[in-house]
Structure formats: structure tokens, C-alpha cells
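Q: I have a model open and want to go through it piece by piece. Can you take my questions as they come?

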Amino acid sequence: MEEKYRDICESLDWYIVSEEDGYIELEKYSPAGEDFIMTVPAKLFVREVQEYASDFDVDDHIEMWIEARHNGVQGVPNTRTLVEDAEAIQDMLDELAEALSAAR
């Protein structure tokens, strides 16, 4: 990963978990405390982050957590919090994608 991209990730509080096997793993906590991790191919990193952001589905993310709660996963917040948090995750992803794109 280029240093300028590393700096952008870190300035937006994305933690670089690993850079192995041609992939970069980034982590950031959502406002509701979800340990959100995304893994993208290192090659064409900026484009891959942009695609990840555009492909993120807020509704699917909410449904995943509601289903998890119904299956006994402890600590899943109420639905209103899940909605707000999933929208915040989308904003986090969009912000990262835009900042990386602007640095090209």
C-alpha cells in the first residue's frame, strides 16, 4: 500500500490489520461498537475500496444482525440502532473511498 493511502486510512481511523497474500484488511469500529472489517485486494486498492463502498448494502447488513439476534447472538442492539449504525458504516466507507480517490 502506498504511504499516502496508509496515511489517509489512519487519519480516518481505519486500522490496517494486515497486508498479506495480495489483500489488505482494514478495521474500524462503528458508532454502535461493531468491529467492522473489510478485506480488499491490494492490487488497485483505491478502486477496490470504491467498489466495496458502492456494493455495501445497508439493508442486508441490518438483516444479518437481526437474524443473528434471532439465532441467539448476544449483544445485538435494537433495530433502530442497527439501522443508524448500518447507515453510519455506509458513510464511513464512502468517506474512505472519496478520500482515497481524491489522493490519486
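Q: Let's start with charges. How many salt bridges does the structure hold?
A: The structure holds four salt bridges. Keep in mind that this is a predicted model.

Q: What does Glu19 meet in a salt bridge?
A: Arg6. The two side chains meet with an N to O distance of 2.6 Å.

Q: Where do Glu19 and Arg6 sit in the chain?
A: Glu19 is in strand E1 and Arg6 is in helix H1. They are 13 residues apart, and the pair links distant parts of the chain.

Q: How exposed is Glu19?
A: Glu19 is partly exposed, because its relative accessibility is 37%, which falls between the 20% limit for buried and the 50% limit for exposed.

Q: Next, Arg47. Which residue does Arg47 bridge to, with the closest N and O atoms 3.3 Å apart?
A: Arg47 forms a salt bridge with Glu48, and 3.3 Å separates the closest N and O atoms. Arg47 also forms a salt bridge with Glu51, where the closest N and O atoms are again 3.3 Å apart.

Q: How far apart are Arg47 and Glu51 along the helix?
A: Four residues, about one turn of the helix; both lie in helix H2.

Q: And Glu48, is that one buried or exposed?
A: Glu48 is buried, since its relative accessible area is 16% and the cut-off for buried is under 20%. Arg47 is partly exposed at 36%, and Glu51 is partly exposed at 33%.

Q: Which residues do salt bridges with shared partners join into one network?
A: Glu3, Arg6 and Glu19.

Q: Switching to the sheet. In what order do the strands come?
A: The order is E1-E2-E3. The three strands form an open sheet with antiparallel pairing.

Q: Which ones are the edge strands?
A: E1 and E3 (35-41), each of which pairs on one side only.

Q: By how much are neighbouring strands turned against each other?
A: By 20° on average in this sheet, with direction ignored.

Q: How many bridges join E1 to E2?
A: Five bridges, with the two strands running antiparallel.

Q: What does helix H2 lie across?
A: Helix H2, residues 45-55, lies across E2 and E3. Its angle to E3 is about 130°.

Q: Now aromatics. How many aromatic pairs does the count come to?
A: Four aromatic pairs. Among them, Tyr5 and Phe45 form a tilted pair, 6.3 Å centre to centre with 45° between the planes.

Q: Where are Tyr5 and Phe45?
A: Tyr5 is in helix H1 and Phe45 is in helix H2. They are 40 residues apart, so this pair links distant parts of the chain. Both Tyr5 and Phe45 are buried.

Q: What about Trp14 and Phe36, how are those rings placed?
A: Trp14 and Phe36 form an edge-to-face pair, with 6.4 Å centre to centre and 75° between the planes. Trp14 lies in the loop between H1 and E1, and Phe36 lies in strand E3, so the pair ties together parts that are 22 residues apart in sequence.

Q: Are Trp14 and Phe36 buried or exposed?
A: Trp14 is buried, because its relative accessible area is 1%. Phe36 also counts as buried, at 5% relative accessibility.

Q: Which residues do ring pairs link into a cluster?
A: Trp14, Phe36, Tyr52 and Phe56.

Q: Last topic, backbone. What is phi of Asp13?
A: Phi of Asp13 is near 65°, a positive value in a residue other than glycine. For context, most residues other than glycine have a negative phi.

Q: Where does Asp13 lie?
A: In the loop between helix H1 (3-11) and strand E1 (15-20). Asp13 is exposed, because its relative accessible area is 56% and the cut-off for exposed is over 50%.

Q: And phi of Asp21, what is the value?
A: Near 55°, again positive in a residue other than glycine. Asp21 is found in the loop between E1 and strand E2 (23-29), and it counts as exposed at 74% relative accessibility.

How values were computed. Residues numbered from 1 in each chain as written. Predicted model: local features only at pLDDT ≥ 70, side-chain atom pairs only at ≥ 80, totals over all residues. Heavy atoms only, no water. Buried < 20%, exposed > 50% of the residue type's maximum accessible area, 1.4 Å probe, protein only. Pairing = 2+ DSSP bridges. Axes fitted to C-alpha atoms, helices over the stretch in contact; angles between N-to-C directions. Contact = heavy atoms within 4.5 Å. Phe/Tyr/Trp six-rings, centres within 6.5 Å; stacked < 30°, edge-to-face > 60°.
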